[in-house]
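Work through each task before you turn to its solution.

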Amino acid sequence: MPRINKKGSIEKPKNLGKSVKKLFRYIKSYLPLVIISLILIIASTVFRLVGPNQLSKITDIISASLPEIDAVTGTLISLGASFEMAEIFKIAIVLIILYVLGFVCTYIANVLMGTTCHNMSRNLRADISRKINRVPLKFLDRTPYGDVLSCVTNDVDTVGQTLHQSVSNLVSAIVLFLGSLIMMFVTNWLMALAAIGSTLLGFVLMFFIIRKSQKYFVWQQQRLAELDGVVEEVYSGQSIVKTYNALGETTEKFEKINHKLYTAAWKSQFISGIMQPIMGFIGNFGYVVVCILGAVLTMNGKISFGVIVSFMIYIRYFTNPLSQIAQAMTSIQTAAAAAERVFNFVEEEELADESHKNVELPEKIKGNVDISHIKFGYDKEREIIHDFSVKIKAGQKVAIVGPTGAGKTTIVNLLMRFYEANSGDISIDGVSIYDMKSSQLRDIFSMVLQDTWLFEGTIRENLVYNKEGITDEDLDRVCMACGLDHFIKTLSNGYDTILSDETNVSVGQKQLLTIARAMLQNTPMLILDEATSNVDTRTEELIQSAMDKLTHGRTSFVIAHRLSTIKNADIILVLKDGDVIESGNHKELIKQNGFYAELYNSQFSLAGCDQID
């Protein structure tokens, strides 16, 4: 993707031409439609090119029938030829047929090209959607959500619209330009040279402007992605922004990026917008040259008056494509910058292929977990988990505690294979998790995270997410265990109530819904990442009781900051700086009077209590 370097200037895409080639390779399945469309566009343009030649014939017939008068004396020289209306009528019929055929070809070409581009945009979005499921979590961690959203929406739309409009216009303009050039030389080579000479300046200006405007279009796409990221962050965290009275700061940040986007857009459009008036001037200048030279040649009897008429049209056909080519090339640059962003995402490194992995867990999973000599770092230079080992028996409730940054969530990420360990092994019931497919591994886990995740849909759909065979009785049982039954009864449509921005659901109720979802999954292993952090004390006690029932007989991993919630854990692993420095149950660790006792003591001290269990 385009980036800003340390000096603040824009880094151009490595190869715009390469992005364009990738784009055309991407639509190779639609290549027959594209070829047919381009052939029809060429045919339509050819029909337009034949028209001026026919108009020249009509002009010559009409001028031949006019009386010839001496310009000096004003005396009649000749009466002129007889007016051949039948011949004019035939030529007019030919012109009508040519223009109708041109209209039909253009219409069909636009339909075919539009179909191709819309299908390509649909497939690109689908590929991005599938890609998100295949990229490692580390990619999503380092990539702003707004950047991905901009890729799916703005960049894909830019590519699709440019292909639909600019490619057709570019082909039409090139054919019109070359065709008018050929027709001018066929008609009169001297006037053709004069027309080319008068418009040569247009070529120089066109390439100069394209070269100057390219970086601004790249900059525009980059700033647009930045703006999307800021909007997504501010809108999703609106409550935090207001709580900290940061409206001024966020508004200033938005205005700064918005101004940069405006500057980039203004410069790109200003420079490319100069093309139209310049090309208009060049075209009008060409008219003057053609008229003066044509008049001289006509007076000398070298050409007929009809040649001047046809050249008046050809000079417009010759100069207009310069502007169209410039605009199409500018649009293609924008599309190439957008395509580079899209294809860079689509070509991101994916999770390792697991099709060859045939090792499966036993049909009845006990839940014995053996973590052996695990080492891991999010960056290769900085290792945060150092030689971590622990053996967990089936059905045990394991609590993972420690200060912020100790590696608690990292252990869960490694256990679920969201990240791959640098070395070491993790096995479940004697089977290494690296020998089985990640989808099979995650089927045996349920997770409740500190950050709730609910999608817009009914409560029922959220609770039974990706699970079949759930009855209303199952829902009632789980919701009662989680303390959700009263909340469900207060809703007009019960489980069929749609969760949306208009539904008044508190943060604690959202947390309860995610806990109920995990209970419904009924998996043999659980991961609870501070699952009760967003509920009040009374609700916490209710959920704690429900969790005790849920974790009974299941191997459970509980990440906890409130140490009072994990006193009944079978094993408490105390992490510090990536190492397990203490392990045991609550009473054993308190007796050791070590780091865990210090953490536990500090929480009670903050609560105004001095007694330790």
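**Exercise 1: the surroundings of Val 156**

Leaving aside residues up to four places away in sequence, Val 156 is in contact with Ser 121, Leu 124, Arg 125, Ile 128, Cys 151 and Val 342. The model used here is a predicted one.

Solution. 
Step 1. Apply the cut-off: a residue is buried if its relative accessible area is under 20%.
Step 2. Check the distance along the chain: Ala 335 is 179 residues apart from Val 156, and their C-alpha atoms are separated by 8.7 Å.

**Exercise 2: Lys 21**

Task: State which helix holds Lys 21, and decide whether Lys 21 is buried or exposed.

Solution. 
Step 1. Helix α1, residues 16-26, contains Lys 21.
Step 2. The cut-off for exposed is over 50% relative accessible area.
Step 3. The value for Lys 21 is 57%, and therefore Lys 21 is exposed.
Step 4. Between the C-alpha atoms of Lys 21 and Ala 336 there are 9.5 Å, although 315 residues separate the two along the chain.

**Exercise 3: Asn 188**

Task: Describe where Asn 188 sits and what its side chain reaches.

Solution. 
Step 1. Asn 188 is in the loop between α5 (145-187) and α6 (189-236).
Step 2. Its relative accessible area is 14%, so Asn 188 is buried.
Step 3. The side chain of Asn 188 comes to 3.0 Å from the backbone nitrogen of Met 191.
Step 4. With residues up to four places away in sequence left out, Asn 188 touches Leu 297, Ile 303, Val 307 and Phe 311.

**Exercise 4: strand β13 and its partners**

Task: Determine in which sense β13 pairs with β5 and with β14.

Solution. 
Step 1. Take β14 (residues 579-584): β13 and β14 run antiparallel and are joined by 5 bridges. The bridge partner of Ile 572 in β14 is Gly 584.
Step 2. Look at the turn: β13 and β14 form a hairpin with 2 residues between them, and Asp 577 in the turn has a positive phi of about 55 degrees.

Definitions and conventions. Residues are numbered from 1 along each chain as its sequence is written. This is a predicted model: local features need pLDDT of at least 70, side-chain atom pairs count only at pLDDT 80 or more; totals for chains, interfaces and linings use all residues. Side-chain values use heavy atoms; hydrogens and water are left out. Two strands pair if DSSP finds at least two bridges between them. Helices (H or I, at least four residues) and strands (E, at least two) are DSSP runs, numbered from the N terminus. Buried means under 20% relative accessible area, exposed over 50%, partly exposed in between (1.4 Å probe, protein chains only). A polar contact is a pair of N or O atoms within 3.5 Å; within protein, one must be able to donate a hydrogen and the other to accept it, and residues adjacent in sequence count only if both atoms are side-chain atoms. Contact means heavy atoms within 4.5 Å.
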